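Here's a quick briefing for anyone meeting this chain for the first time. Have a look at the sequence and the model, then read on.

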Amino acid sequence: MRVCVRGIRALDFATDSGQVKGTQIFYSRPIDGVVGEETSKIFIRSDFPLPPELAPGKLVDIFCDTKGHVEHIQVVASK
């Protein structure tokens with residue numbers, strides 16, 4: 001899915017189930033039935049390589065597997 005990155009948050013905290021480490025990416029995207037854009041967030045595990053140019057305002061393509069786990073993030077080239 002093609003989205004616009006709105007924010008990035010590093011996560012590192014303990015739960016009853018163990019340690020949670022990773023990154024949340026907050027994004028927006030146009031979607032049918034919404035005036036404006038839908039906003040949401042997605043979790044990226046800490047061992048996933050994030051593109052170094054990933055930043056708020058960048059357009060990115062996020063590819064997920066059938067369970068919704070991120071498999072690849074590609075920054076869209078500026079025109």
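V75 touches P51, E53, L54, K58, L59 and V60, leaving out residues up to four places away in sequence; contact here means heavy atoms within 4.5 Å. This is a predicted model, so local features need pLDDT of at least 70 and side-chain atom pairs count only at pLDDT 80 or more, while totals for chains, interfaces and linings use all residues. Residues are numbered from 1 along each chain as its sequence is written, and side-chain values use heavy atoms, with hydrogens and water left out.

- V75 sits in strand β5; strands (E, at least two residues) and helices (H or I, at least four) are DSSP runs, numbered from the N terminus.
- With a relative accessible area of 16%, V75 counts as buried, because buried means under 20% relative accessible area, with exposed being over 50% and partly exposed in between (1.4 Å probe, protein chains only).
- Step 13 residues along the chain from V75 and you get to I62, with 8.8 Å between the two C-alpha atoms.
- E53, one of the contacts of V75, belongs to the loop between β3 and β4.
- E53 is partly exposed, at 40% relative accessible area.
- Apart from neighbours within four places in sequence, E53 is in contact with K58 and V75.
- E53 and S28 are 25 residues apart along the chain, and their C-alpha atoms are separated by 18 Å.

**The whole chain**

- What does the chain look like from start to end?
- The C-alpha atoms fill a box of roughly 40 × 30 × 25 Å, taken along the principal axes.
- Of the 79 residues, 28% count as buried.
- Among contacts with a separation of 6 or more, 35% come from residues 24 or more positions apart.
- The accessible surface is about 5600 Å², and 51% of that belongs to carbon and sulfur atoms; the areas come from the Shrake-Rupley method with a 1.4 Å probe, and for residues only the protein chains shown count as cover.
- There are 10 positive and 10 negative side chains, and the centres of the two sets lie 4 Å apart. Lys and Arg count as positive and Asp and Glu as negative, with His and the chain ends not counted; each charge is placed at NZ of Lys, CZ of Arg, CG of Asp or CD of Glu.

**The nonpolar core**

- The largest nonpolar core has 13 residues, and I25, I42, I44, V60, I62, V70 and I73 touch the most other members. Such a core is a set of buried Ala, Val, Leu, Ile, Met, Phe, Trp, Tyr and Cys residues joined through side-chain atoms within 4.5 Å.
- Which strands supply at least two residues each to this core? They are β1 (2–15), β2, β3 (38–45), β4 (59–64) and β5 (70–75).
- The most comes from β5, which gives three residues.
- Beyond four places in sequence, I62 touches M1, V3, I42, V70, H72 and I73.

**H72, over in β5**

- H72 is found in strand β5 and is partly exposed, with a relative accessible area of 39%.
- Not counting residues up to four places away, H72 touches F48, D61, I62 and F63.
- H72 and P51 are 21 residues apart in sequence and 9.6 Å apart in space, C-alpha to C-alpha.

**T23 and F43**

- T23 has its place in strand β2, while F43 is in strand β3.
- Is T23 buried or exposed? At 14% relative accessibility, T23 counts as buried.
- F43, for its part, is partly exposed at 40%.
- Outside its sequence neighbours within four places, T23 is in contact with I8, R9, I42, F43, I44 and L50.
- By the same rule, F43 touches L11, V20, K21, G22, T23 and V70.
- F43 and A77 are 34 residues apart along the chain, with 23 Å between their C-alpha atoms.

**S28 and its polar contacts**

- S28 lies in strand β2 (residues 18–29) and is buried, at 4% relative accessibility.
- The S28 side chain makes a polar contact of 2.8 Å with the side chain of R6, and there's also one of 2.8 Å with the side chain of E37. A polar contact is a pair of N or O atoms within 3.5 Å; within protein, one must be able to donate a hydrogen and the other to accept it, and residues adjacent in sequence count only if both atoms are side-chain atoms.
- Leaving aside neighbours within four places, the contacts of S28 are V3, C4, R6, E37, E38 and T39.
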